[in-house]
Structures are given as C-alpha cells and as structure tokens.
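Biologist: I would like to learn how to read a model of this kind feature by feature, with the general idea stated before the particular case. Could we begin with a single residue and its surroundings?

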Amino acid sequence: EVTITGTNFEALLRPDAVAYCSFGDMRSEVHVRSPTEATCTASPLAAAGNVQVQLLVGRALASESSLAFRYTNPALLYGLYPSHGRIEGGTDIVVTGTGFNESQ
C-alpha cells in the first residue's frame, strides 16, 4: 500500500468521484482517507524498476508527474540459524539469503 499526501483531495471524497492511481501503465484503486491523504495498492509489475505514480480523477491528472515508486526483486531466504530458541526470547538469529536491501 502506497500513501500519497497532498492537498485539495476534497473532490475525491465525493461519492460520484471516479478516481484511480496509476503505477506506470497499470491502474490501481484509490482509497481517499482525508482531504490530504489517499492510499493505493501497487499493481503487479513484471520486472524490477522505477515507475511513475499518478493520482487521477476521471481523465484529469490530480498529482504531480514527478512521483515515483521503485519495484524491487523479492529477497530469497536460504537459511535461519539457530532453528530454535528459549521461550524467554533474546536469541540472536542469523538469516542468510540474497536480495536484502537496507531501504526495504
């Protein structure tokens, strides 16, 4: 879920408003939370990369075209050590795999 913040989303709150988000060429339903916040679920994409995100009302652009969303490849987990721990917690765990990224 992606949160878009801005101003003047009042028109999106009307029951007859036809609004959606676009992630590149893919459309996604928009949920307007307030006159300053809307959320969209990212559409599936075939490959990792950046796409332009837009908020549209009907055919009119309601957001700046400079908004971007980055799709990344999923992390792959290979191992977990140790495989058990004490019920009191506090066990350090080492997770191994690929595709880890500090920004995810």
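Biologist: Which residues is G79 in contact with, leaving aside its neighbours within four places in sequence?

Modeller: A contact means heavy atoms within 4.5 Å, and by that criterion G79 meets V94, V95 and T96 once neighbours within four places in sequence are set aside. G79 itself belongs to strand β8, strands being DSSP runs of E with at least two residues and helices runs of H or I with at least four, both numbered from the N terminus. The C-alpha atoms of G79 and V94 are 8.0 Å apart, although 15 residues separate the two in sequence.

Biologist: What should I know about the origin and numbering of the model before going further?

Modeller: This is a predicted model, in which local features need pLDDT of at least 70 and side-chain atom pairs count only at pLDDT 80 or more, while totals for chains, interfaces and linings use all residues. Residues are numbered from 1 along each chain as its sequence is written, and side-chain values use heavy atoms, with hydrogens and water left out.

Biologist: How many helices and strands does the secondary structure come to?

Modeller: The chain has zero helices and nine strands. Of the contacts with a separation of 6 or more, 43% are between residues 24 or more positions apart.

Biologist: How is burial judged, and is S22 buried or exposed?

Modeller: Buried means under 20% relative accessible area, exposed over 50%, and partly exposed in between, with a 1.4 Å probe and protein chains only. S22, found in strand β2 (residues 19-23), counts as buried because its relative accessibility is 6%, and beyond residues up to four places away in sequence S22 touches R27, Q52, V53, Q54 and L56. G79, by its 26%, counts as partly exposed, and of the 104 residues of the chain 22% count as buried.

Biologist: How many disulfides does a search of the whole structure find, and which residues form a disulfide?

Modeller: A disulfide is a pair of cysteine sulfur atoms within 2.5 Å, and the search finds one. It is formed by C21 and C40, whose sulfur atoms are 1.6 Å apart. Since C21 lies in strand β2 and C40 in strand β4 (residues 37-40), the pair ties together parts that are 19 residues apart in sequence. C21 is buried at 0% relative accessibility, and C40 is buried at 1%.

Biologist: Which residues form salt bridges here?

Modeller: A salt bridge is a side-chain nitrogen of Lys or Arg within 4 Å of a carboxyl oxygen of Asp or Glu, and the structure holds two. In one of them R33 pairs with E1, the closest N and O atoms being 3.8 Å apart. R33 lies in strand β3 (residues 26-34) and E1 in the segment before β1 (2-5), so the pair ties together parts that are 32 residues apart in sequence. R33 is partly exposed at 47%, whereas E1 is exposed at 67%. R86 forms a salt bridge with E88, with 3.1 Å between the closest N and O atoms, and both residues are exposed.

Biologist: What is a surface patch, and which residues make the nonpolar one?

Modeller: Patches are made of residues with over 30% relative accessible area and no salt bridge, like charges being joined within 9 Å and nonpolar side chains (Val, Leu, Ile, Met, Phe, Trp, Tyr) within 5 Å. Here L77, L80, I93, V95 and F100 make a nonpolar patch of about 520 Å², with areas taken from the Shrake-Rupley method, a 1.4 Å probe and, for residues, only the protein chains shown as cover. L77 is placed in strand β8 (residues 76-81) and counts as exposed at 62% relative accessibility.

Biologist: Which peptide bond is cis?

Modeller: Most peptide bonds are trans. The bond from Y81 to P82 is cis, with omega near -10 degrees, and P82 lies in the loop between β8 and β9 (94-98).
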